[in-house]
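Please look at the sequence and the model below before reading on. The numbered points that follow are meant to be checked against them, one by one.

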Amino acid sequence: MAIQKEPGQKGVNWSNIAVGAIMNMFKVTTLGQPLEVLKTQMAANRSQTMLEATRAVWARGGVAGFFQGLIPWAWIEASTKGGVLLFTASEIEGTCVGMGVHPFFAGLAGGCGGGIAQAYATMGFTTCMKTVEITRHKEAAAGVQRSTFQVFMDIYRKEGIRGVNKGVNAVALRQCTNWGSRMGFARLAENTIRNVRGKGENDKLSAMDKILSSSIGGALATWNQPIEVVRVEMQSMAKATENVNRPKKLTVFNTLGFIYKENGLKGLYRGVTPRIGLGIWQTVCMVSFADYVKAWVKERQ
């Protein structure tokens, strides 16, 4: 990934775990969580426009409404998944680069591997609880008042660990395609910029060139928005009684079919606008900024 082993470097770079956790914490605490809340609001309420979703989030608590779910769920998720992602992806990408694989395919492999690892290692539980935090106002509107921890215990008692990890396969598919696309496209953009500017493979790009590359990667990676909408629907607190057509036992494929029947193709891409912003910021933080943090850490080792 952004933080990758130099070609020929031996051993495992364990510092990537700490760097990944720090960079992802920075990402989510700044622009990450507000864009995540807005994206989730639109994905869970597919009839809302972006303006209506913004007003709905604001009505839940003003500025604080945009940071709903940040503490503790988004922080727990960010620190754990950031470390797993950056460590796994950097080892895979570094190995591929050392074998002479093209940067695009090396980034694609690293991103896919890192995304899958973080999904199954950390994100099933934390993503579920963060989505519950954002969407449980639907229950409150019906007169049901429960804390996040009460929701967790109720889910665990009824469905066990499988219920808590509901939607984790959709999360894994999303993260695999997310980070594979982000890192692959970002590396391809970096390679293209080098060619346009007449720079060699080992020549450093300017900060603006790296940010531009990451922005391109983050924006293009939003092609998989339907997977994200499916994930939100599977983890949402909406009850099956709200819509008789909503399957009682949700899978990735029957949820996809349900959303398409109810809202069409537009429904599957609901929330893509804030997600473009989120994808750009995530990729800038975890690719461009992380490169500089990696270099700083390496100088002090």
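1. Arg246 is placed in the loop between helix H9 (225-235) and helix H10 (252-268), where helices are DSSP runs of H or I with at least four residues, numbered from the N terminus. With a relative accessibility of 9%, Arg246 counts as buried, since the term buried stands for under 20% relative accessible area, exposed for over 50%, and partly exposed for what lies in between, using a 1.4 Å probe and protein chains only. The side chain of Arg246 is joined to that of Glu233 by a polar contact of 2.6 Å (a pair of N or O atoms within 3.5 Å; within protein, one must be able to donate a hydrogen and the other to accept it, and residues adjacent in sequence count only if both atoms are side-chain atoms).

2. The model is predicted, so that local features need pLDDT of at least 70 and side-chain atom pairs count only at pLDDT 80 or more, whereas totals for chains, interfaces and linings use all residues. Residues are numbered from 1 along each chain as its sequence is written, and side-chain values use heavy atoms, with hydrogens and water left out.

3. Met50 lies in helix H2 (residues 50-59) and is partly exposed, at a relative accessible area of 35%. If neighbours within four places in sequence are left aside, Met50 is in contact with Leu38, Met42, Thr273 and Pro274, contact being heavy atoms within 4.5 Å.

4. Four aromatic pairs are found when the whole structure is searched (rings of Phe, Tyr and Trp, the last by its six-membered ring, with centres within 6.5 Å; planes under 30 degrees apart count as stacked, over 60 as edge-to-face and the rest as tilted). One of them is the tilted pair of Phe26 and Trp281, at 5.9 Å centre to centre and with 45 degrees between the planes. This pair links distant parts of the chain, as Phe26 belongs to helix H1 (residues 15-44) and Trp281 to helix H11 (residues 272-299), 255 residues apart. Phe26 is partly exposed at 38%, while Trp281 counts as buried at 18%.

5. The rings of Phe104 and Phe105 have centres 5.0 Å apart and planes at 75 degrees, and the pair is therefore edge-to-face. Ring pairs also link Phe26, Trp281 and Phe289 into a cluster.

Terms used
Helix = DSSP H or I, 4+ residues; strand = E, 2+ residues; numbered from the N terminus.
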